[in-house]
Amino acid sequence: MAGRTLYDKIWESHAVGILPTGQTQLFIGLHLIHEITTAPAFDMLREKGMDVAFPERTFATVDHIVPTDVRTRPFMDAEAEELTQALEKNVKQFGVEFFGIDSANQGIVHVIGPQLGLTQPGMTLACGDSHTSTHGAFGTLAFGIGTSQVRDVLATQTLAMDKLKVRRINVDGTLGTGVYAKDVILSIIRRLGVSGGKGFAYEYGGSVIDKMNMEERMTVCNMSIEGGALVGYVNPDGTTFEYLKGRPHVPTGAAFDRAISYWKSVASDADAKYDDVVKLIGKDIEPTVTWGINPGQAVGITEMLPKPAEYSDPAGATKAYEHMGWQPGAPILGTPINVAFIGSCTNGRLADLRAAAKVAKGRKVQSGIRALVVPGSAEVKKLAEREGLHEVFKEAGFEWREAGCSMCLAMNPDKLNGNEVSASSSNRNFIGRQGSPQGRTLLMSPAMVAAAALNGKVVDVREYQ
Amino acid sequence: MSEIVKITNVTGTAVTIRGNDIDTDRIIPARYLKEVTFARMGEYPFFDERFDGAGNLKPHPLNDPKYKGASLLFVNKNFGCGSSREHAPQALYRYGLNAIVGESFAAIFAGNCTIMGVPAVTVSAGDIEQLMQTVEKDPKTSFNLDIEAKTISFGEQKIAIDLPETYRSALTSGSWDSTALLRANLEQVKKTATKLPYMSNFPG
């Protein structure tokens with residue numbers, strides 16, 4: 001019998017049974033919630049007269065709409081205040097642990113889960129947010145869900161699910177200097193397309209992934225959904241266990257040793273059978289920048305913008321050019337920017353801030369450029385400040401903010417104006433994503449964003465190494 | 001408990017929104033996710049594509065009077081990609097669209113539609129082009145989407161549609177609102193939980 005993948009193993013151990021519809025009832029080990037996608041779910045529970053089945057397996061925070069500058073209550077945005085109050089009321093009524101705006105544990109759900117050791121290998125994890133695949137970095141079967149599914153997890157700690165196929169993505173060799181995890185995942189999406197992952201879980205491996213630290217692996221897994229894959233994961237290894245050791249929700253002593261043997265047991269077998277295998281070579285990956293209106297429309301920093309005919313969907317590429325205002329054949333290098341945003345669940349962790357600070361240190365943001373650094377969590381902010389990163393950023397002319405999702409999706413006051421161009425370390429360059437219907441987003445690594453901020457235009461960060 | 005509603009057919013006229021990779025940020029801009037309920041989502045589908053900054057109408061199929069009252073939406077590839085926001089299918093449904101026919105759908109979006117009782121079904125590229133042209137030529141054309149028989153018909157024509165068998169079963173049996181189905185197995189759920197080592201701090 002062929003070996004099993006991590007996906008197979010976790011699926012089987014969490015399957016409660018087969019439903020009359022043919023779907024599998026899957027147990028959800030950890031449920032994370034935030035203010036945006038949950039209020040109607042709690043209303044539905046009340047309507048159905050149901051309680052939360054496993055309240056100790058759900059954790060809540062506020063991240064999407066929180067202001068990152070003035071945090072005094074009530075928030076200046078009355079809608080944000082109302083939605084926050086709804087969550088505060090719901091977690092209290094249903095007995096869910098909550099990391100509120102003043103908590104030392106507040107932050108983006110996908111940053112605080114790992115940081116607290118809540119996210120662990122061999123677990124299923126769901127959250128009403130498509131970037132839940134981030135947690136797959138730990139060998140966790142993690143995926144985003146909608147609000148009605150949040151209701152189901154609250155009411156039953158399970159979901160009705162269909163099993164996915166598994167595609168192994170090997171990134172072999174080594175990455176060049178100035179090339180980051182963000183460039184790896186943008187290259188994968190560019191290669192396989194924004195819907196290429198439909199029906200698949202992505203298992204990332206190969207020497208480049210093996211060598212990555214946990215924060216880098218999280219960046220890769222985070223954007224699986226941008227490639228159409230609901231789930232992305234990396235098999236747990238020594239790097240994973242080392243990261244988890246000593247975190248608040250991770251077992252200690254003999255239980256930690258037993259946990260490690262369980263975690264090791266869920267990794268894909270050496271002879272695991274995959275539905276598809278794809279290979280990328282690390283040294284071929286350049287600092288990568290998106291030019292269009294989906295994350296698959298990306299180029300290496302030394303490349304010219306492609307002709308629409310080079311895409312399988314030329315009409316889509318033409319629409320992207322209409323929105324962005326660039327010309328095919330022009331270089332991406334030198335594209336002027338107005339705003340620089342460093343943060344988000346993709347790239348708002350300590351390693352990301354360090355990489356950006358290394359570029360910014362002793363230099364100045366180009367005059368006229370609005371540059372923001374928004375740590376992914378209150379803890380990331382604290383650790384960064386302990387290292388003096390905030391001083392590096394502030395001296396360079398970046399604003400240093402409180403934790404939240406901020407300009408990744410602009411549900412708080414951090415927004416683009418008009419057709420501003422943003423160099424952004426976030427995950428989506430969709431039309432209107434950063435708060436202005438005419439706004440334009442160039443996705444890139446945090447170090448590339450810092451370099452763009454210093455120059456007022458897209459540059460090659462390798463010049464700073 | 002909510003009553004069981006079997007979704008077997010959706011009939012009516014259709015509206016076409018062309019283009020691949022239409023993401024949920026376009027279907028509903030994030031600022032409308034600040035509302036505490038889904039109640040008003042029907043006012044917002046494709047808001048920034050339908051209205052300019054001053055609130056004036058822009059050319060868009062959902063603004064075109066000839067498609068008013070449509071109950072089916074025809075789309076192209078990878079519709080509903082991006083954010084998991086259920087607000088997107090809620091906006092389309094509350095606007096009056098009870099089924100979506102397209103070349104393909106993003107995974108979370110299709111799941112959200114199904115759990116709401118909104119069929120999201122696929123047809124081939126050639127067939128969607130025929131369906132779209134039919135609507136654009138004669139917006140009064142009435143379609144019958146038959147989930148049981150897996151067809152969409154209009155006039156004398158009948159086209160095969162596809163959807164995952166589990167979704168078809170959930171819709172036609174009336175168990176698309178899955179909570180009751182899942183909740184019935186709560187004892188078994190607890191048994192499964194007991195077997196997972198992390199649920200009891202990795203017992204020796």
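Visitor: How many residue pairs are in polar contact across the interface of chain B and chain A?
Guide: This is a predicted model. The pairs counted here have both residues at pLDDT 80 or more. Across the interface of chain B and chain A, the count of residue pairs in polar contact is 24.

Visitor: Which helix of chain B gives the largest share of the side that touches chain A?
Guide: Elements that give two or more residues to this side are helix 1 (24-27), helix 4 (107-116), helix 6 (165-173), helix 7 (179-183) and helix 8 (186-195) of chain B. The largest share is six residues. That share comes from helix 8 of chain B.

Visitor: By class, how many nonpolar residues has the side of chain B that touches chain A?
Guide: Chain B brings 55 residues to the contact, and chain A brings 71 residues. On the side of chain B, 19 residues are polar and 12 are charged. The nonpolar count is 24.

Visitor: What area do chain B and chain A bury between them?
Guide: Of the buried area, 62% is on carbon and sulfur atoms. In chain B, the residues that lose the most area to chain A are B:Lys34, B:Tyr198 and B:Phe202, together 14% of what that side buries. Between them, the two chains bury about 5300 Å².

Visitor: Which residue of chain B forms a salt bridge with A:Arg433?
Guide: Side chains of opposite charge can pair when their charged atoms come close. Between chain B and chain A the count is five salt bridges. For A:Arg433, the closest N and O atoms of the pair are 2.9 Å apart. The partner is B:Asp25.

Visitor: Is A:Lys9 buried or exposed?
Guide: A:Lys9 forms a salt bridge with A:Asp269, with the closest N and O atoms 2.8 Å apart. The pair links helix 1 of chain A to the loop between helix 10 (253-266) and strand 12 (276-281), 260 residues apart. A:Asp269 is partly exposed, at a relative accessible area of 27%. A:Lys9 has a relative accessible area of 10%, so A:Lys9 is buried.

Visitor: How many of the nine residues of helix 1 of chain A are buried?
Guide: Helix 1 (residues 6-14) of chain A is mostly covered. Among its buried residues are A:Leu6, A:Ile10 and A:Trp11. The number buried is seven.

Visitor: Why does the end-to-end distance of helix 3 of chain A agree with its length in residues?
Guide: Helix 3 of chain A has 17 residues (78-94). At 1.5 Å a residue, the expected span is taken over one less than the number of residues. The helix should therefore span 24 Å, and its end C-alpha atoms are apart by 24 Å.

Visitor: Which residue caps the N-terminal end of helix 3 of chain A?
Guide: The capping residue places a side-chain oxygen 3.0 Å from the backbone nitrogen of A:Glu79. After the helix comes A:Gly95, with a positive phi near 75°. The N-terminal cap is A:Asp77.

Visitor: What is the relative accessible area of A:Asn235?
Guide: A:Asn235 is found in the loop between strand 11 (231-234) and helix 9 (238-244) of chain A. Its side chain makes a polar contact with the side chain of A:Glu203 at 3.2 Å. The side chain of A:Asn235 also reaches the backbone nitrogen of A:Ser268 at 2.9 Å. A:Asn235 is buried, and its relative accessible area is 16%.

Conventions
Residues are numbered from 1 along each chain as its sequence is written. Chains are lettered from A and ligands numbered from 1 in the order in which they are written. This is a predicted model: local features need pLDDT of at least 70, side-chain atom pairs count only at pLDDT 80 or more; totals for chains, interfaces and linings use all residues. Side-chain values use heavy atoms; hydrogens and water are left out. Contact means heavy atoms within 4.5 Å. Buried area is the accessible area (1.4 Å probe) that two parts lose on being put together, summed over both. A salt bridge is a side-chain nitrogen of Lys or Arg within 4 Å of a carboxyl oxygen of Asp or Glu. A polar contact is a pair of N or O atoms within 3.5 Å; within protein, one must be able to donate a hydrogen and the other to accept it, and residues adjacent in sequence count only if both atoms are side-chain atoms. Helices (H or I, at least four residues) and strands (E, at least two) are DSSP runs, numbered from the N terminus. Ala, Val, Leu, Ile, Met, Phe, Trp, Tyr, Cys and Pro count as nonpolar, Asp, Glu, Lys and Arg as charged, and the others, Gly among them, as polar. Buried means under 20% relative accessible area, exposed over 50%, partly exposed in between (1.4 Å probe, protein chains only).
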